[in-house]
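My entries follow in the order in which I looked.

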Amino acid sequence: MEKRRVVITGMGAITPIGNTVNELWNGIINANNGIGFITLYDTTDHKVKIAAEVKNADFELLLSPKERRSMDRYAMFALIAARQAYEDSGLKNSAFDRNRFGVMVSSGIGGLGTIETEHKKALERGFDRISPYFIPKVIVNLAAGNIAIDVQAYGMCTCVVTACASSSNAIGDAYRSIKDGYHDVMLAGGAEASITPLGMSGFTSMKALCETTDINRASIPFDKDRSGFVMGEGAGVMILEEYEMAKKRNAKIYGEIIGYGATCDAYHITSPSPDGSGAARSMRQAIDDAGLSTEDIGYINAHGTSTPLNDKFETMAIKAVFGEHTNVPVSSTKSMTGHLLGASGVIEGIISVLAIEHSFLPPTINLVNQDAECELNVISAKGVAKNVDIALSNSLGFGGHNATLIFSKVRE
């Protein structure tokens with residue numbers, strides 16, 4: 001069967017640098033730093049004092065009392081971003097087969113904040129006083145479930161959990177589902193809300209988080225002074241649609257997904273493979289899937305976490321695929337948003353699509369001393385105006401999960 005084309009017809013986002021897609025993109029253009037001191041809990045007895053929180057999210061305006069009562073913060077983020085994307089797509093008022101409309105929205109961790117608050121309540125007041133919403137708020141698939149109910153999607157409803165690759169895998173798997181003829185429309189993305197005492201302490205104990213209080217020297221991917229990632233939170237959603245259907249209903253098309261790769265390092269539960277081979281295979285898979293050569297890629301949105309190992313090994317992977325002296329422009333937008341774990345891939349996918357649309361390649365802010373072991377053409381300072389047709393986005397997760405997406409302008 002001939003493979004079908006898959007386009008993006010709607011996007012939604014709530015992030016540390018903007019609570020809509022437009023606000024997010026303005027934050028990227030202006031090189032805004034979404035990192036600040038943690039306000040969600042008292043950090044007095046914690047080593048890590050900073051994170052990239054979502055700011056000014058008016059849950060009372062955006063969600064009903066029942067929705068706020070029955071959902072964890074991560075799921076509320078997911079529903080807000082999904083509603084933005086669904087409204088943006090124009091599908092709400094379109095006649096189409098909802099049996100072929102699926103949802104694939106992920107999270108790396110899920111309702112961690114609810115686990116903490118309900119356990120504290122149980123210890124203080126008794127375990128029989130736990131909220132009846134505890135389980136629905138905690139389980140990772142309920143962001144997707146709530147969204148499917150909200151948009152009346154009767155196709156596949158699922159949740160990929162692959163740590164920091166989760167939402168990229170969700171988008172890639174949704175792309176394949178449409179490409180192979182199983183669905184016509186997929187709502188895909190991810191959400192995360194792990195800026196909690198337990199979540200932050202767990203990552204701190206692993207020595208994964210940056211412990212500085214200087215927000216301008218915290219999330220500094222590819223810098224020789226990098227010392228760990230900065231936790232972020234939020235959600236992103238894309239509406240993926242079969243090209244002919246989108247064209248027939250005169251939908252706005254942001255771009256096209258043309259390639260997807262997914263591999264495993266099978267090396268270590270937290271460390272990437274030292275030679276970058278897993279990430280390299282993921283990129284090669286995506287490039288082959290798209291029918292491209294490396295020369296066709298105009299921009300790479302790197303996973304770029306600002307940890308010593310990730311940035312070094314991802315550099316090795318990029319060089320293994322593109323050549324030792326590659327000049328393809330690279331940036332890590334985690335320098336602005338922090339690391340949104342399971343939501344990072346979709347946010348970076350949205351940014352990559354907008355980079356193509358607006359002919360502007362995002363910066364890696366606060367990069368001052370580029371590491372000699374990260375010798376890539378890394379965009380720093382304010383970003384660059386450059387016309388590119390094709391962008392590649394990497395997501396790499398604990399467990400050795402690697403996912404690569406390739407986006408392009410709509411091919412005529």
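**Strand 6 and its partners.** I began with G102, whose bridge partner in strand 6 is M186. I noted the terms here: helices (H or I, at least four residues) and strands (E, at least two) are DSSP runs numbered from the N terminus, and two strands pair if DSSP finds at least two bridges between them.

The model is a predicted one, in which local features need pLDDT of at least 70 and side-chain atom pairs count only at pLDDT 80 or more, while totals for chains, interfaces and linings use all residues. Residues are numbered from 1 along each chain as its sequence is written, and side-chain values use heavy atoms, with hydrogens and water left out.

I then turned to strand 7 (residues 234-242), which is joined to strand 6 (residues 185-192) by eight bridges and runs antiparallel to strand 6. Along this pairing I found A188 opposite M238, and A191 opposite A235.

Is strand 6 mostly covered or uncovered? I found eight of its eight residues buried, where buried means under 20% relative accessible area, exposed over 50%, and partly exposed in between, with a 1.4 Å probe and protein chains only. V185, L187, G189 and A191 are buried on one side, and M186, A188, G190 and E192 are buried on the other.

Stepping back, I read an open sheet of 11 strands in the order 5-4-6-7-1-8-15-14-9-10-12, with mixed pairing. Strand 5 (157-158) and strand 12 (377-378) are at the edges with a single partner strand each, so one side of each has no neighbour in the sheet.

In the loop between helix 11 and strand 9 (299-301) I found L292. L292 touches I258, I287, I297, I390 and I406, leaving out residues up to four places away in sequence; contact here means heavy atoms within 4.5 Å.

**Two loop residues.** Where does H183 lie? I placed H183 in the loop between helix 8 (166-179) and strand 6, and at 7% relative accessibility H183 counts as buried. The side chains of H183 and S177 are joined by a polar contact of 2.7 Å, a term for a pair of N or O atoms within 3.5 Å, where within protein one must be able to donate a hydrogen and the other to accept it, and residues adjacent in sequence count only if both atoms are side-chain atoms. A polar atom of the H183 side chain also lies 3.0 Å from the backbone nitrogen of M156.

S107, in the loop between strand 4 and helix 5 (112-125), counts as buried at 0% relative accessibility. Its side chain reaches the backbone oxygen of A191 at 2.9 Å, and a polar atom of the S107 side chain lies 3.0 Å from the backbone nitrogen of G110.

**Nonpolar cores.** A nonpolar core is a set of buried Ala, Val, Leu, Ile, Met, Phe, Trp, Tyr and Cys residues joined through side-chain atoms within 4.5 Å. In the largest, of 46 residues, I8, M11, M238, L240 and I350 touch the most other members. Helix 14 (residues 344-358) gives the most to this core, with eight residues. A second, separate core of 35 residues includes L63, V105, V151 and A193.

**Cysteines.** How many disulfides does the structure hold? I found zero, a disulfide being a pair of cysteine sulfur atoms within 2.5 Å. The sulfur of C157 is too far for a bond, because the closest cysteine sulfur, in C159, is 8.8 Å away. C374 is in no disulfide either, the nearest cysteine sulfur, that of C210, being 16 Å away. C157 is partly exposed, with a relative accessible area of 38%, whereas C374 counts as buried at 0% relative accessibility.
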